[in-house]
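Good morning, colleagues. Please turn to the structure on the screen, and I shall take you through it step by step.

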Amino acid sequence: MPLLMPTPEPQILSRRDEIVSRLRALLGGERVIADETARRAYDCDAFTMYRALPLVVALPENVAEVSAILALAQEMNVKVVPRGAGTSLSGGSMPLEDGILLAMGKFNRILEIDYENRCARVQPGVANLAISKSVEAQGFYYAPDPSSQIACSIGGNVAENAGGVHCLKYGLTTNNILGLEVVLMGGEIIRLGGKRLDCEPYDLLGLMTGSEGLLGVVTEVTVRLLRRPPLARALLLGFASVEAAARCVGGIISKGVIPAGLEMMDRATIDATECFQPCGYPQDAEAMLIVELDGTIAEVDYLVGVVAEIARNDGATTVRASTSDAERLRFWAGRKNAFPAVACIGPDYLCMDGTIPRGRLPEAMLGMEALAKKYALRVANVFHAGDGNLHPLILYDASMEGEMERAEALGADILRLCVSLGGVLTGEHGVGVEKRDLMGEMFSERDLEQQMRVKCAFDPQGRLNPGKVFPTLHRCAEFGAMHVRGGASPFPELPRF
Amino acid sequence: MSLAPRNESEFAELLRDAAARAAPLRLVGSGSKGALGRPSAGEALSLSAFSGVRLYEPEELVLTAGAATSRAEIEALLDAHGQELAFEPIDFGALFGSAPGTLGGLVATGASGPRRIKAGALRDHLLGFRCVTGQGEIVKSGGRVMKNVTGYDLSKLVAGSLGTLAALTEVTLKILPKAESEATLLVAGLDEAQSLAALRKASQAPADASGLAMLPAGLRPLSLGRNVAAIRLEGPAISLQSRRDELVALLAPQGGAFETLDVEQSRGLWRRLRDAEPVAQAPGDVWRVSLAPTEGVRFVERVRAAGAAPIAHFYDWAGGLVWLCFEPAEDAQAGVLRPLAESFSGQATLLRASDEMRARVGVFQPKPSALAALTRRVKESFDPAHILERGRLCAEF
């Protein structure tokens, strides 16, 4: 089914020159991109299946400018799409032909590093990894580490509630930020949280995180800094079946061990990585685990022993524990290169992002195998086994007529399978446009309406990033319907939107 | 007689009816938290039908239970499997003389304790919920898996909302294993500022402390003759000694006398700190102030300088949480604490005071106007007729 985006509004398209000149009055000429060739660079994010040329690209560099742009957008009734580094895998910052693309790349400064309060204030365009780099000499880091961390921006991480391989122990973005400065549609600037831990009701900081750019534009982020543990060691465990590997994961956790990272790769992914960059993964294994343990030296050495014993008892065919940091990184090298490795055999791939209750993994794998057969495509799996986040990589060849559509249909079926097993559509990549039309698989109309009402509380005109997350667009007034008895509106003094 | 819907559809019908009449309702689990927040208006509505554990999978670290399930039942169940609610929720019994309450009550208060600095707050462990909104609609949000970004994270909104958005019927929490063992390092005899500096230093050390509190001299429950800074270490027993030794080496140059509490003593101490016993036992109005850890001591100094000397106080979260108890005053010292908290970018919550006082001076830090207006719009997106816990959060709704 083709992706339908809101029809571009002719009355906006026809006022393009006026919008451009109003923006230039705010930002000057250089930071408003109107030229078609230059705009072309912004026509998609990392979800490249669909593209659209933005109406105009604005590059503000301070909060006053963002506020002025959003006030202008509200006044002229123009849509706005915020964009960080453009690494979204779900099309969260896919432009609209009748919308201003608000590119936050110039917000690239680290404003303050405060070790005593273990936090840093940064602008949203700062790259995720740049935060850790700036504090590593003092022995600190910022925990969430999405695989795009060298490029992805912290503002985008907030919008998508980005994860990474260390989520089970250290949480996602939402568990690692303390404060936000946000500009609302209309231009109001609010501050949520700060350097403190308590959040008074309502926790709008938590709501903003993962709201995919639909509620407000983030202009500053206060992140928590963690002390880098003195030691990290990894175990490489091979198993004769996915079931045995899954059983071992359950065994580790039920022993009270929460590993810093706990990754599973299936046969197809092991083969691909060994072909791409050999790093000594067990060739006889149907499934492989990488278990990383971190902490103080005594703690880590002890836990490595505990995990190795559990693995042996669960019939592991390979048990290797890193004895140096170089060896630990070698264990990870294949996993970190799993996506490019799979791309090598693909030649194209679609990366899915469902989460399932971990214990249902064998069923999920069998189900996926059957679906792959039905669609005559191959699927390789990498799995954040600790937290149940599954990344099936659907291999296809875009040059073959109809394969991309088949891959998309298989992806949708895999996500339906995840939901039917008690899981969810997306663990860390976001809904965006990619999974938008599947929201009904997981949520009832009532559930979605409540989410849309929350959206209306922030953006009553529905101008901020429309066409994302929700499968249908509603005007906020439609949700104002009250249950009225006897012809009288209850609470007549209440404002209705 | 209170209303007591037997299932979600009856509940929804009841709330639709109340919304149509704009008739306010008070949500009652076990009635243990009536003294929290401003007094709310309306007929009592019992959630007792929504009780019982629906799902507990220790290996999956997940528990789903009806909102009226008792906290004691949940804790006993988790304990039997060596697991716990890692956010270490406060039991308000010491402050209010109340029973431990229900799971829904925990979520409604967003309670979290000393381990907040390491494990996060309740909001970080609420994976999903079912509820009936103030419009009388049955809504679910989130899920039962650890990692989920599908749709808005409404769990964050309902955590700590005191029932003002929706009536929870079922909640799903992330559960974590209990630490194998614990110990607490005490540093005695430093002044307050030095004690808190030591805690902040410890908070930056690799020892990975899960509790950083400071008790001024004379305070119960320790009744020590000197100021005491307490640093909790949790984890495999084999790791505790070396982590403790590293901390002593780090902190010794600043002086102070070191002592170590064993696992039982340590558990006892942190239980009492969790429940705010040092201020709960003093007779008076109790405030909880959250701010940047470096500001804790300065905040208390400024409170004293403004002529409002607390009769008891202590610090948690390395100074980022200050508990204070004051002798009864005309405004419970709101006139001193709120402007000061604002100037420190913190927030001061009036946790214990008479109904009359909480109604008159309010409970939460006032918000700037744009944020206050947004907060009201969010409230109305769930409960447009202001029927749920009217007045609990603020006088406006």
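I begin inside chain B of this predicted model. Seven residues of domain 1 of chain B are in contact with seven residues of domain 2 of chain B. On the domain 1 side, those residues comprise three nonpolar, one polar and three charged. As to the bounds, the domain assignment of chain B places domain 1 at 8-177, domain 2 at 181-274 and domain 3 at 277-361. Between the C-alpha centres of domain 1 and domain 2 of chain B, the separation is 32 Å.

Next, I turn to a pair of helices in chain B: H7, residues 192-203, and H8, residues 237-251. Their axes come within 10 Å and cross at roughly 130 degrees. H7(B) and H8(B) are therefore oblique to each other, and their crossing is right-handed. Which residues make the contact? From H7(B) they are B:Ala198, B:Lys201 and B:Ala202, and from H8(B) they are B:Leu247, B:Leu250 and B:Leu251. By class, this contact has five nonpolar residues, no polar ones and one charged.

Finally, I come to the two chains together. In chain B, 78 residues are in contact with 80 residues of chain A. Among the elements of chain B that give two or more residues to this side are helix H1 (8-21), strand E17 (347-352) and helix H14 (369-382), as well as H7 and H8. Which element gives the largest share? That is H14(B), with eight residues. The side of chain B that touches chain A divides into 32 nonpolar, 26 polar and 20 charged residues.

Conventions
Residues are numbered from 1 along each chain as its sequence is written. Chains are lettered from A and ligands numbered from 1 in the order in which they are written. This is a predicted model: local features need pLDDT of at least 70, side-chain atom pairs count only at pLDDT 80 or more; totals for chains, interfaces and linings use all residues. Domain bounds come from an automatic or database domain assignment. Two residues are in contact if their C-beta atoms, placed from the backbone, lie within 7 Å. Ala, Val, Leu, Ile, Met, Phe, Trp, Tyr, Cys and Pro count as nonpolar, Asp, Glu, Lys and Arg as charged, and the others, Gly among them, as polar. Axes are lines fitted to C-alpha atoms, for helices over the stretch in contact, and angles run from 0 to 180 degrees between N-to-C directions. Helices (H or I, at least four residues) and strands (E, at least two) are DSSP runs, numbered from the N terminus. Angles under 35 degrees count as roughly parallel, over 145 as roughly antiparallel, 65 to 115 as roughly perpendicular and the rest as oblique. A crossing is left-handed if the near helix is turned anticlockwise from the far one by less than a right angle, and right-handed if clockwise.
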